[in-house]
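Reader: Hi! Could you walk me through this model, one topic at a time?

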Amino acid sequence: MTESTMLALIPLPTVLPIVAAAITMVMGRHPRLQRLISLFSLTAIVAVAALMLYYTDRHGTVALHVGGWGDRDGKGSPLGVTLVADQLAALMVLVSAIVLLGVLVYSVGQGIRDGDEHQPVSIFYPTYLILAAGVCNAFLAGDLFNLFVSFEMLLAASFVLLTVGGSADRIRAGVSYVMVSMVSSVIFLLGIAYAYFATGTLNLADMAIRLQDLPSGTRTTLFAVLLVAFGIKAAVFPLSTWLPDSYPTAPAPVTAVFAGLLTKVGVYAIIRAHTLLFPGGALDDVLMIAGLLTMIVGILGAIAQTDIKRLLSFTLVSHIGYMIFGIALSTPLGLSSTIYYVVHHILVQTTLFLVVGLIERQAGAASLRRLGGLAAASPVLAILFFLPALNLGGIPPFSGFVGKVGLIEAGVRQGSVLAWVLVAGSVITSLLTLYAVIRVWTKAFWRPRSDAPEGELAVAHPEALLDDADVIEFADREDPGRMPVSMVAPTAGLLGVGLVLAIFAGPMFTVTDRAAEQLLGRADYIEAVLGPEAVSRLQPPDGGPATVGPQNRQGGAHG
């Protein structure tokens, strides 16, 4: 594949879903065409992202200056929108496209909301595609303002998807989500204004060079502002209280894609800012403390829950702490393990929320007080829950165990007191996560349903278990308890991808090792955007290693 071909592919993960969204909006009266167009566009993105990952792993970072603008404004700054594909961006786009495609197939099987002909399902497909475009554009954005635009695309699409159905609980959760997201957007916009005032550019590569000449206090203040904005998106404690109340009210496919992807966009933004713009360990101690509190508070919240959706929402928050821990270590192994763990968590969290949708369809509820006997009633459903639950709990040989071992090893190698505290917190959080998922297994799958506190009501009147906030209305369905193949197959497919991630952990870590070195080196990214002459202006981070150029991309953090 030539570089010119690669340049032509870079905009497609953003352009394809936007064009498909416009077409599906026009085709609102033809749901079958909407489905076909949506599935085709997301399948194409998977193929494009795979080619991007292959190319960037072999040849390094590629940048596209969109719109045919001149490369410079006379002061050394690129004009227009810049899209940049490096190994991290390509990997995130690929994993996101796989998840988006799997969840879309699942949603087709579910019918967005079973048995209700009055749901505005025609708006789901274009909105979902706009969400996909926002996710992909965020990973490829080469400047802060384009990243801000991506966040706003996600916000607009998320509000529509959260409030599908118009129930009071969904509207309330959607409004809360929008208000928190708007606060994050305002803070991010202030950070953008501050960055432009301080550096005269919003291009990330150009800003990385110009920030070197600013006082350390100015750099730290700017980094803190951006961290708050990104921390809200990533649900980092204490900025995470909005998430458990927002996600569980949405339909299962929406909750799954939100849990899998949206918080990871915030984590990605933190990784990019920390490695490219503010290297050298600024605010690493603050990040470590935030990571520890995110782990512990999140998992304690999960243990207290009786609803599986809320329990998984709290575990989602908790495991963001692992990623923040790895970022804060500022080492190749820590960053490589973080990238691996992000990929693992996207897959396993999405799979578990899809399984919860199947549980609701099979049993009519997601409350542990009402569930029981699911292992005997549906062995397939039991397997679909059991394997990703063990993966989330970090049981060997699953990818969750591999990622956590990498992070713990990185913490031990770093050797500071705070790192050792985080290592202990990681182990405790993993054990408590295992306790939480085993509790779900014993109550929902193992015990007889008649032993559940509300089990007799469930057996006699399953429709009475449901309220306006639930996704399924058994009273309106002719096939309660059946799981369509089109719902089971994508769930099993994502489970399989997660297992492949564990089986091929060695080759995967080779990719993440190179991605980590590329991120910490910075030279490959800056050379792709600004040209070789810009690399000579790049200084080593304060107290950090010298920059690594494209010629040093072999080898890895794991030796």
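Author: Happy to. Let's begin with Phe 230: beyond its neighbours within four places in sequence, it is in contact (heavy atoms within 4.5 Å) with Leu 147, Phe 151, Phe 188, Gly 266, Ala 269, Ile 270 and Ala 273. Bear in mind that this is a predicted model, where local features need pLDDT of at least 70 and side-chain atom pairs count only at pLDDT 80 or more, while totals for chains, interfaces and linings use all residues. Residues are numbered from 1 along each chain as its sequence is written, and side-chain values use heavy atoms, with hydrogens and water left out.

Reader: Good to know. Which residues have the most contacts inside the largest nonpolar core?

Author: They are Leu 42, Phe 188, Phe 230, Tyr 247, Phe 258, Phe 445 and Ile 526, in a core of 185 residues. A nonpolar core here is a set of buried Ala, Val, Leu, Ile, Met, Phe, Trp, Tyr and Cys residues joined through side-chain atoms within 4.5 Å. Buried means under 20% relative accessible area, exposed over 50%, and partly exposed in between, with a 1.4 Å probe and protein chains only.

Reader: And which helix gives the most to this core?

Author: Helix 14, with 18 residues. Helices are DSSP runs of H or I with at least four residues, numbered from the N terminus.

Reader: Switching topic: how much space lies in the largest pocket?

Author: About 370 Å³. Of its 19 lining residues, Leu 53, Leu 91, Leu 94, Leu 501 and Met 508 are the closest to the centre. On a 1 Å grid over the protein atoms alone, a pocket is an open set of points with protein on both sides within 12 Å along at least five of seven lines, a cavity is a set where a 1.4 Å probe fits but cannot get out, and lining residues have an atom within 4 Å of a point. Points are joined across faces, edges and corners, and a volume is the space filled by probe spheres set on them.

Reader: What is the lining made of, by class?

Author: It has 16 nonpolar, no polar and three charged residues. For these classes, Ala, Val, Leu, Ile, Met, Phe, Trp, Tyr, Cys and Pro are nonpolar, Asp, Glu, Lys and Arg are charged, and the others, Gly among them, are polar. Helix 3 gives the most to this lining, with five residues.

Reader: How many cavities of 30 Å³ or more are there?

Author: Five. The largest holds about 130 Å³ of space, and Tyr 177, Ser 181, Lys 233, Trp 242 and Leu 262 are the closest to its centre among 13 lining residues.

Reader: What about the second largest cavity?

Author: Its volume is about 90 Å³. Leu 147, Leu 204, Ala 269, Arg 272 and Ala 273 lie nearest the centre, and helix 11 supplies the largest share of the lining, six residues. Leu 147, Ala 269 and Ala 273 also came up as contacts of Phe 230.

Reader: Last stop, helix 16. What does its buried side pack against?

Author: The buried residues of helix 16 pack against helices 13, 14, 15, 17, 18 and 20. Among those buried residues are Leu 381, Phe 385 and Pro 388. Just after the helix, Gly 394 takes a positive phi of about 85°.

Key
Helices (H or I, at least four residues) and strands (E, at least two) are DSSP runs, numbered from the N terminus.
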